[in-house]
Amino acid sequence: MKIATFNINNINKRLANLLAWLQAAAPDVVCLQELKAEDGGFPIAAIEAAGYGAVWVGQRTWNGVAILARGTEPIATQRALPGDAADTQARYIEAAVGGVLIGCIYLPNGNPRPGPKFAYKLAWLERLAQHAAGLLAAGVPVVLAGDYNVVPTEADIYQPNSWKDDALLAPEARAAFARLLDQGWTDALRAAYPGAAPWTFWSYLRQRWPRDAGLRIDHLLLSPDLAPRLTGAGVDRAVRGEDGASDHAPTWIELAPAGQPGRRRAKR
């Protein structure tokens, strides 16, 4: 089972890029973030023509999340992150696909820091931790995949100095991410690349893509029963170099079938 996360950064503007990648990579499940489209503007006809069912929560501006499933319809279980009924930002959707519960995450950026946006980010991380703990307690196989907007360690960024005041590297955000892992989740890309995991994001600014000045902010976390099934992981970085590309590249994992522990192999 191949599961990917991809911050598409405007699904209608980059629909051709998405469809070409779906055809080439053939992921079984895809978590998309930053749709930048309202519910009625989601290109469901094109997605279905590519062979995928979908559930989504749209929003016009910076948000919007979706889960695609090849050859089947995802069964939605959550359309918002629990814990704050007043939060209307479209940043979380959850669905069952092929016996695995998939949580698609678009965590707040948090800039500028300090300020209300950073406070919202930390509160959202706390809500995520509470929900994640509940999923673990339920004992179901879960993947929490998405754009976390957190650079976990200094090894996950090309050079931290120019980002030292950014919310992506904030000690409070890193600590919250670490506490999430301490619940028992496995950072799949880090497990596949114990030395230096590949970047998943390259800003449009300052020639960062040509210079390979990247960050790792897109993560797939595996529940304890799924971690032994991890057989491969990688980043389709060539997608970032295409015309009109998102500033993120698709990040993916492969899981062996249930009952068949995997042998991990890393791919770039």
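On a 1 Å grid over the protein atoms alone, a pocket is an open set of points with protein on both sides within 12 Å along at least five of seven lines, whereas a cavity is a set of points where a 1.4 Å probe fits but cannot get out. Lining residues have an atom within 4 Å of a point. Grid points are joined across faces, edges and corners, and a volume is the space filled by probe spheres set on the points.

The model is predicted: local features need pLDDT of at least 70 and side-chain atom pairs count only at pLDDT 80 or more, while totals for chains, interfaces and linings use all residues. Residues are numbered from 1 along each chain as its sequence is written, and side-chain values use heavy atoms, with hydrogens and water left out.

**Exercise 1. State how many cavities of 30 Å³ or more a search of the whole structure finds, and characterise the largest cavity.**

Step 1. The search finds one such cavity. The largest cavity has a volume of about 40 Å³.

Step 2. Residues lining the largest cavity include Phe-6, Ile-8, Arg-14, Arg-240 and His-248. By class, this lining holds four nonpolar, four polar and three charged residues.

**Exercise 2. Place Trp-202 in the fold and determine which residues it contacts beyond four places in sequence.**

Step 1. Helices (H or I, at least four residues) and strands (E, at least two) are DSSP runs, numbered from the N terminus. Trp-202 is found in the loop between α5 (188-192) and β10 (218-222), and is buried, with a relative accessible area of 0%.

Step 2. Contact means heavy atoms within 4.5 Å. Leaving aside neighbours within four places in sequence, the contacts of Trp-202 include Trp-209, Asp-212, Arg-237, Arg-240 and Asp-247.

Step 3. Trp-202 and Arg-240 are 38 residues apart in sequence, with their C-alpha atoms 8.1 Å apart in space.

**Exercise 3. Classify the aromatic pair of Phe-6 and Trp-21.**

Step 1. Rings of Phe, Tyr and Trp (its six-membered ring) pair if their centres lie within 6.5 Å; planes under 30 degrees apart count as stacked, over 60 as edge-to-face and the rest as tilted. The structure holds four aromatic pairs.

Step 2. The ring centres of Phe-6 and Trp-21 are 5.6 Å apart and the planes meet at 70°, so the pair is edge-to-face.

Step 3. Phe-6 belongs to strand β1 (residues 2-7) and Trp-21 to helix α1 (residues 15-25), 15 residues apart. Both Phe-6 and Trp-21 are buried.

Terms used. Nonpolar A, V, L, I, M, F, W, Y, C, P; charged D, E, K, R; others polar. Buried < 20%, exposed > 50% of the residue type's maximum accessible area, 1.4 Å probe, protein only.
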